[in-house]
Amino acid sequence: MRKKITLIYPFAYGYIDLIADELKSHSNIIVTDIKTDMIKYKYPNPAIKVWNGITKLFGKNIKREFFNNQILNQITEKQDIIFIIRPDLMDISVLETLKKKTNSFIAYYYDSCKKYPKQLEIAYFFDEIYSYEKEDIEKYNFIETTNFVYDQTIEKREIKFDLFNISSYDTRIHEIDAISKILSEAGLRINFILFWYEKLNYPHLISTTRYLSLQETKEIISQSKAIIDIQRKDQKGLSFRTFECLGYRKKLITTNTAVKDYDFFHPNNILIIDSQNINTAQTKEFLELPYVEIPQHIVEKYSIKTFINNIFKLKSHGN
């Protein structure tokens, strides 16, 4: 019998789409793929928009009801697994209905409970909750996982940059701006790309108003000696940049000290820095060190296949 799995998730730069694609590659799995950011309600006329504004005062919201129904109507039969990211964005009534539609209700808390405290309020809904934030794992008995290596093949290109960084405009901006200035003035070839919905003006950052695809990002990685990853203050789990470096065998410079506790850490490959006290001489020396190959069995431990097998219990079904 084919296993029925539903994925429900908001926009995540294409990373979760890769999970859906990997699951769809299994002939014995039926995947229902619900991207919540793609659910858009359009008012049929201005009067309806005005009416919705009035009814909101009494607890009724046409747009919200449309959103909820679009999710629930896509699940026409009972699922073996419903896997949801950012369930705190869902109404309680939707979570209640989803739980009835599946044998196993699984959440992946993509961010810490400090950042999104509602995640704790709704935790009782789920049979399993996965997290990569060690503090939450230890405090709330969540199941530990990590982000994953989704690609291990990259073409050799002419190296144009010493360091590549891509970030969204957020609370890290002053830190990223200061780091880019220090590294650039030290003579390093940097390519720091900053995404926001409007053009921004920072002397050493390239402002863009559109998301770069994973393929576009990969092309820049292939032209770079190393990726530099500036961690958010509210995040201790390892970012996807870490696993891109592991898969593509590229050097990583990071402000996340937790990376030293992982079995793929090697000082030739990963440099931990303090953004308030950057040693540019040390950075240059690090970039010249030879990359040390990490054993393939360790890389595979963090692969997307392993991630999927563990969460969706595919090994027990012969996959």
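This is a predicted model: local features need pLDDT of at least 70, side-chain atom pairs count only at pLDDT 80 or more; totals for chains, interfaces and linings use all residues.

Student: Which are the edge strands of the open sheet?

Tutor: Start from the order of the six strands, β2-β1-β3-β4-β5-β6, with parallel pairing. An edge strand here pairs on one side only. That leaves us with β2 (29-35) and β6 (143-144).

Student: At what angle to β4 does helix α4 run?

Tutor: Helix α4 spans residues 92-100 and lies across β1 (3-9), β3 and β4. Taking the N-to-C directions of the two axes, the angle between α4 and β4 is about 135 degrees.

Student: Which helix gives the largest share of the lining of the largest cavity?

Tutor: There are two cavities of 30 Å³ or more, and the largest has a volume of about 70 Å³. Its lining includes Thr242, Cys245 and Leu246, and by class it has seven nonpolar, two polar and one charged residues. The largest share, three residues, comes from residues 240-248, helix α9.

Student: How many charged residues are in the lining of the second largest cavity?

Tutor: This cavity has a volume of about 30 Å³. Among the residues that line it are Tyr132, Glu144 and Tyr262. Sorted by class, the lining has three nonpolar and three polar residues, and the charged count is one.

Note on methods. Residues are numbered from 1 along each chain as its sequence is written. Side-chain values use heavy atoms; hydrogens and water are left out. On a 1 Å grid over the protein atoms alone, a cavity is a set of points where a 1.4 Å probe fits but cannot get out, and a pocket is an open set with protein on both sides within 12 Å along at least five of seven lines; lining residues have an atom within 4 Å of a point. Grid points are joined across faces, edges and corners, and a volume is the space filled by probe spheres set on the points. Helices (H or I, at least four residues) and strands (E, at least two) are DSSP runs, numbered from the N terminus. Ala, Val, Leu, Ile, Met, Phe, Trp, Tyr, Cys and Pro count as nonpolar, Asp, Glu, Lys and Arg as charged, and the others, Gly among them, as polar. Two strands pair if DSSP finds at least two bridges between them. Contact means heavy atoms within 4.5 Å. Axes are lines fitted to C-alpha atoms, for helices over the stretch in contact, and angles run from 0 to 180 degrees between N-to-C directions.
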